[in-house]
Amino acid sequence: MTHMFFFLTAALYGCATAVYLVCLVRTSPLLTRWASRLLTAGFIAHLLSTIHLASKLKYLPLTNMQESLSFFSLAIVGGFLFFERRYKVTTLGSFVTPVALMMLAASSSLHGEVRQLHPILQSNWFWFHAMLAFISYACFTIAAGVAVMYLIQNYFLKTKQFGALFQKLPSLEIMDEISYRCLTVGFPLLTIAIISGSIWSEQAMGSYWIWDPKQTWSLIIWLIYAALLHGRLTIGWRGKRAAILAILGFVVVLFTFFAMKHSITW
Amino acid sequence: MNIIVVGLSYKTAAVEIREKVAFSPNCIEKPLGELVKLEGITEGIIVSTCNRVEIYATTRDIAGGIARIKRFIADYHHLQFEILEPHLYSLHAEAAIRHVFRVASSLDSMVIGEPQILGQIKTSYGYAAEFKSSGIILNRFLHKAFSVAKRVRTETKIASSAVSVAFAAVELAKKILGDLSDKTVMLIGAGEMCELAAKHFLNSGAKGVMVTNRTFERAEKLAEEFGGVAVPFEALFEHLHHADIVLSSTGAPHCIIGPQDVKDVLKRRRFKPVFFIDIAVPRDIDPKVDGIENAYLFTVDHLQEIIQANLAQRSLEAEKAEEIINQEIGQFHKWLSTLEVTPTIVALRNRFDEIRRSELDKTIAGWKELPPDAEKRLEALTMAMMNKLLHAPTSALKQAGQGGRVDLYIDALRQMFELEALQRDDEELELEE
């Protein structure tokens, strides 16, 4: 059952990604609608598959790389669908859905071995921490997608190239706003995630902060986004500079997620 | 019944000719009335814009109808026919339908995709409907043309891009600043293009205008015109940071806004982007300004480039539009040709029945000892003969309706059997629709 949903999700994400990419080169209201429909259907299938898995396992599927990647991808798609509806930015899909698709593909390529859940993971603080962390990561992913678009559009404007892609991309202001929105949601979530994570760490290991690589890098991520938000709110950092920082932040997020392991769990 | 188009446009006649044959909308009733009184013309619409004067009409006699309408245009405007004639074009059948669809879709316009023409045709049709010069065919025809134009507009990008400097500036500003409703325009100096652009920005929802000029009175006058604020030229840099869009066209011999000014302005507005358009020659704004983050400087040349690209894009889209029109012509042509099938069959039947009756009456009247039943039998006999004779042509006509030769058949039948001019019961036809 879970497999079926998962397969369906992958197929729908794949189709949606393809249509979003076609939308970059061809303009058609019909294509745009279908891209969104396919992705929404994929999101629902993904959500059902996650819920089904959770009810089967009796815990939130966030305990290994496979489950986490899948959840990461789910959060990205959910976040994107929200922004697409709110700001009518189809082109964002061309930049974000491939990331979600790749994560889902990577997730499915990993082995989901049945195993005993590590006792220290059986804490409500852990679930809370992990879920919030992934939702904030999804926000940062979208912010980075928008930042890439912003840099491209900015480049076109500065070099006076008014081609088809220039016409397609949304206005700088909208992209700046989406990026800012992502940060204002993602940053508080990350903050709560880090706090709840350290509470869990205290419960599981007896210390709030053990300087394991994951914790350290999470702190670095937090500092990057704190700097970005602070710069924006006080001296009006925006545009190109903010975009570059948002991309940098995302690279660090990816690095932390893939390369840094909790010293104790996996 | 045939649709014909007679007229002239910017393609065939210079403005000197076009203005002479223009029909004023204020007294359109008179020419419309005269048009449908012309021999053989059953319905008519007059479209008169500054780029074209065209008459759409329906007639049975294509050549005669066209000639009479040409003559009518010359006579109505008291022009010498020989002078006007070379500028007039005339179209019929499919070409006429295609032409009107193309005109309504703005494919035949001077600037392809310009939006006014559809409205102008709608107005012209409104007059024709009001003064009852259009009937069942032109009503249907024009409505079809409107729906084709709508399809073209929604399914192609023919009208989606700006082709004037002022519009290109607005579109570009939207690409940077997004929604313009909370944006302020600063107008430095005066100049037609600058004022036009300012007007377009206001029409596109810009919040307000500031105007500055070396002569303050001039600034005040312009500010009043736009409902904006006049700023003394010396105080320009005290106000510049309020502006999101800066349009500059002074006659200054050197740059009046340099990179350092812009850096200061940006700092004061917390790096909210500013869109500069420099229309002046020599330039008002130092080109180095464009190198500053969050400042975007464009000159008229850049806007022209956008326009050229948009025009190229429009002609690409025009090809798609022609495709749409091709599909729709077929449909409409089919409707037009099957329109007369039923009335022709009815007329043919009536004609046969008329002959049968008169011959039957003659025979019975001269028959002295009419056996009983004979009248009934003769009636049945002649009826059966008539029905048998009519069966083949009737079904041929009905089937031709699905093909394309139905016009031919109808004309042949009308001539061979001397059918009266078809009496068209409008209500009946409307029910058929």
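Visitor: How many residues of chain B are in contact with chain A?
Guide: This is a predicted model, in which local features need pLDDT of at least 70, side-chain atom pairs count only at pLDDT 80 or more, and totals for chains, interfaces and linings use all residues. Residues are numbered from 1 along each chain as its sequence is written, with chains lettered from A and ligands numbered from 1 in the order in which they are written. Contact requires C-beta atoms, placed from the backbone, within 7 Å. On that basis 15 residues of chain A meet a set of residues in chain B that numbers 17.

Visitor: Which elements give two or more residues to the side of chain B that touches chain A?
Guide: The residues on this side divide into 7 nonpolar, 3 polar and 7 charged; Ala, Val, Leu, Ile, Met, Phe, Trp, Tyr, Cys and Pro count as nonpolar, Asp, Glu, Lys and Arg as charged, and the others, Gly among them, as polar. Elements here are DSSP runs numbered from the N terminus: helices are H or I of at least four residues, strands E of at least two. Two or more residues come from each of α8 (165-177) and α13 (300-338) of chain B.

Visitor: How many of the residues of α8(B) are buried?
Guide: A buried residue has 20 or more other C-beta atoms within 10 Å of its own, all placed from the backbone. Among those of α8(B) are Phe167(B), Leu172(B) and Lys175(B). The helix is largely enclosed by the rest of the structure, because the buried residues among its 13 number 10.

Visitor: What follows just after α8(B)?
Guide: α8(B) reaches 18 Å from its first C-alpha to its last, close to the expected 18 Å, which is 1.5 Å times one less than the number of residues. Just after this helix, a positive phi of about 70° is taken by Gly178(B).

Visitor: Which strands does α8(B) touch on the sheet of 6 strands?
Guide: The sheet is open and parallel, in the order β7-β6-β5-β8-β9-β10 (chain B), where pairing needs at least two DSSP bridges. Within it, β8 (245-248) and β9 (274-278) of chain B share 4 bridges, and Ser248(B) stands opposite Asp278(B). The direction of α8(B) makes about 155° with that of β9(B), angles running from 0 to 180 degrees between N-to-C directions of lines fitted to C-alpha atoms, for helices over the stretch in contact. The strands touched by α8(B) are β8, β9 and β10 of chain B.

Visitor: What is the order of the open sheet of 4 strands in chain B?
Guide: β4(B) is joined to β1 (2-9) of chain B by 4 bridges in the antiparallel sense, with Leu91(B) opposite Val5(B). Helix α5 (93-104) of chain B lies across β1, β3 and β4 of chain B. The order is β2-β3-β1-β4 (chain B).

Key: Contact = placed C-beta atoms within 7 Å. Buried ≥ 20, exposed ≤ 12 C-beta atoms within 10 Å, placed from the backbone.
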